[in-house]
Amino acid sequence: MAMTKRLYIETVGCQMNVLDSEMVVADLKKRGYELARDLDAADVILFNTCSVREQAENKTYSALGRLRSFKKQHPEKIIGVMGCMAQKDQQLVFSRAPYVDLVVGPGQLARIPDLLDDVARGKGPQMAVSLGRKDGPIADIKRSHETFDPLRDPTMRPTPFQAYLRIQIGCDKFCTYCIVPMTRGPEQGRSPEQILAEARVLADQGCKEITLIGQTVNSYKHTNGGKTTRLSDLLYALHEIDGLQRLKFVTNYPKDMTDDLLQAVRDLPKCSPYLHVPVQSGSNEILARMKRGYTVEEYRETLSRIRGTIPAAAVTSDFIVGFCGETEEDFQKTYDLVGESRFKNSFIFKYSERPGTKGAELYADDVPFEVKNRRNNELLELQNRISEQGNQAFLGARVEVLVEGASDRAKRRDEDQGEIVQLVGRTPCDRIVVFDGNPRLIGQLLPVAVYDVAAHTLFAAVVTEHILSVGQARAPVG
Ligand code: SAM
Ligand code: SF4
């Protein structure tokens, strides 16, 4: 007779990994697994890993190291490593942590339930990874990086009313610093039929906000019978789905920020005017060495086209500081670009050399750590000032938030309104808003009035008419 098994899963990395974990858990639940709160209660322990920077890998290997004696005490527990580090390191995971039972790359996640059964049956350590970028005909390589999108299970998401929807896997851009094209394989757009069917399932489950994800989501293309579907076409089709109220998409590749896409975002009320368009550097020399495929001048032109079409657009960026050969002059150009671009916020990373990339092969990682650190701090400080200035424009404004949940702040009781907690929501342009309200507001879209701002947060109060109508509606319950 089948016994319930308990699964503990730890996820690091990007939205793709968050979604992959959701899918793996949903798949294993169908096979009778339940989620365990900690290692001690688990029969199976999975690490969903990231390889984008060395630090992420070090953290995973440290976590595995801490399990060495645990596994000795509990040899029956199965330990698995999945995700990008599994694909990149393959056998090396077993060499560094010989008590690991399972290594599964992101293109092979559908095999996890069967492989766990094999391990449990005593077949020994199991590994399933995709083909490398030069390991055979392109069709075989693509097949070995199949998307893994089983039926969605709302209980597996942090909030049932928000979901990621994968529209593209892999990446063909080969930026010289980046490991993703190797770990996630060739770029492949999912078919619009699959995407729309999944979006309808999500809407039927009560999902109000969908974020479409892909490494270069705006390069999305799918051709069938001579007809090519682009991201803008998808947005028009998704916009028709009842129940869905917000559509977002990440991450954009600057060169593929086409006018049809910008016009779709402008014209479709459900599309959030939030665009993550990472530039990485403000120096043409560095951009060329990164093989990003555009110049700073071209990026500026893209930015002005975005703002010309969608004046209220909140644009965000990523930067890598201390890339190979980056001089003070190069860094100053990046600093100046941040100064002029008025990004809502930026994610700033210190360059981390990744074995297996062209960058590691061609260029020396020659910027000292202290210099990377200083540049990181200087850029962050500038961006924070700009973010706060950008938020000032919201003072006194009424914004619509999708209430995501309670903040960590302590709960308090209000005599008239019952339980009141500090809630967190997001505006359509992805700004984080905190405000006091009843937990029953979680999952709703509602207007709030902003009375204070900081670099990364708007502070607001629920608009009174809304409190009244919500209060009236819930009176019989409370
Ligand atoms: N596909 C997305 C893109 O093109 O922007 C995101 C890819 S990556 C997971 C997210 C960010 O990590 C990149 O935008 C880049 O800034 C940063 N990154 C990638 N490789 C890196 C490296 N070797 N060292 C430091 N940061 C890196
Ligand atoms: Fe990496 Fe560049 Fe592809 Fe983004 S576009 S995933 S940074 S190779």
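This is a predicted model: local features need pLDDT of at least 70, side-chain atom pairs count only at pLDDT 80 or more; totals for chains, interfaces and linings use all residues.
Gln215 contributes through its backbone: one of its polar backbone atoms is 2.7 Å from a nitrogen atom of ligand 1. The protein buries 91% of the 560 Å² that ligand 1 exposes when taken alone.

The shell around ligand 1 consists of 15 residues, the closest being Tyr177, Gln215, Gln280, Asp318 and Ser352.

## Surroundings of ligand 2

Ligand 2 has around it Cys171, Lys173, Phe174, Cys175, Tyr177, Cys178, Val180, Pro181, Gln215, Thr216 and Arg292. Seven residues of this shell are nonpolar, two are polar and two are charged.

For Gln215, the contact with ligand 1 involves a polar backbone atom, at 2.7 Å from a ligand nitrogen.

## Packing of α11 and α13

Two packed helices are described by the angle between their axes and the distance between the axes. Helix α11 (residues 259-267) packs against helix α13 (residues 296-309) at an angle of about 30 degrees, and their axes are 9 Å apart. Because angles under 35 degrees count as roughly parallel, α11 is roughly parallel to α13. The crossing of these two helices, α11 and α13, is right-handed.

## Backbone features in two loops

Most residues other than glycine have a negative phi, and most peptide bonds are trans. Against that background, two places in the backbone deserve attention. The peptide bond that joins Val250 and Thr251 is cis, with omega about 0 degrees. Thr251 belongs to the loop that runs between β13 (246-250) and α11.

Lys291 is not a glycine, yet its phi is positive, at about 55 degrees. This lysine, Lys291, is located in the loop between α12 (284-290) and α13.

## Packing of α14 and α16

A further helix pair is formed by α14 (residues 328-341) and α16 (residues 369-392), which pack at an angle of about 15 degrees with their axes 10 Å apart. Helices α14 and α16 are therefore roughly parallel to each other. Where α14 passes α16, the crossing is right-handed.

Methods: Residues are numbered from 1 along each chain as its sequence is written. Chains are lettered from A and ligands numbered from 1 in the order in which they are written. Side-chain values use heavy atoms; hydrogens and water are left out. A residue is near a molecule or strand if one of its heavy atoms lies within 4 Å of it. A polar contact is a pair of N or O atoms within 3.5 Å; within protein, one must be able to donate a hydrogen and the other to accept it, and residues adjacent in sequence count only if both atoms are side-chain atoms. Accessible areas come from the Shrake-Rupley method with a 1.4 Å probe; for residues, only the protein chains shown count as cover. Ala, Val, Leu, Ile, Met, Phe, Trp, Tyr, Cys and Pro count as nonpolar, Asp, Glu, Lys and Arg as charged, and the others, Gly among them, as polar. Axes are lines fitted to C-alpha atoms, for helices over the stretch in contact, and angles run from 0 to 180 degrees between N-to-C directions. Helices (H or I, at least four residues) and strands (E, at least two) are DSSP runs, numbered from the N terminus. Angles under 35 degrees count as roughly parallel, over 145 as roughly antiparallel, 65 to 115 as roughly perpendicular and the rest as oblique. A crossing is left-handed if the near helix is turned anticlockwise from the far one by less than a right angle, and right-handed if clockwise.
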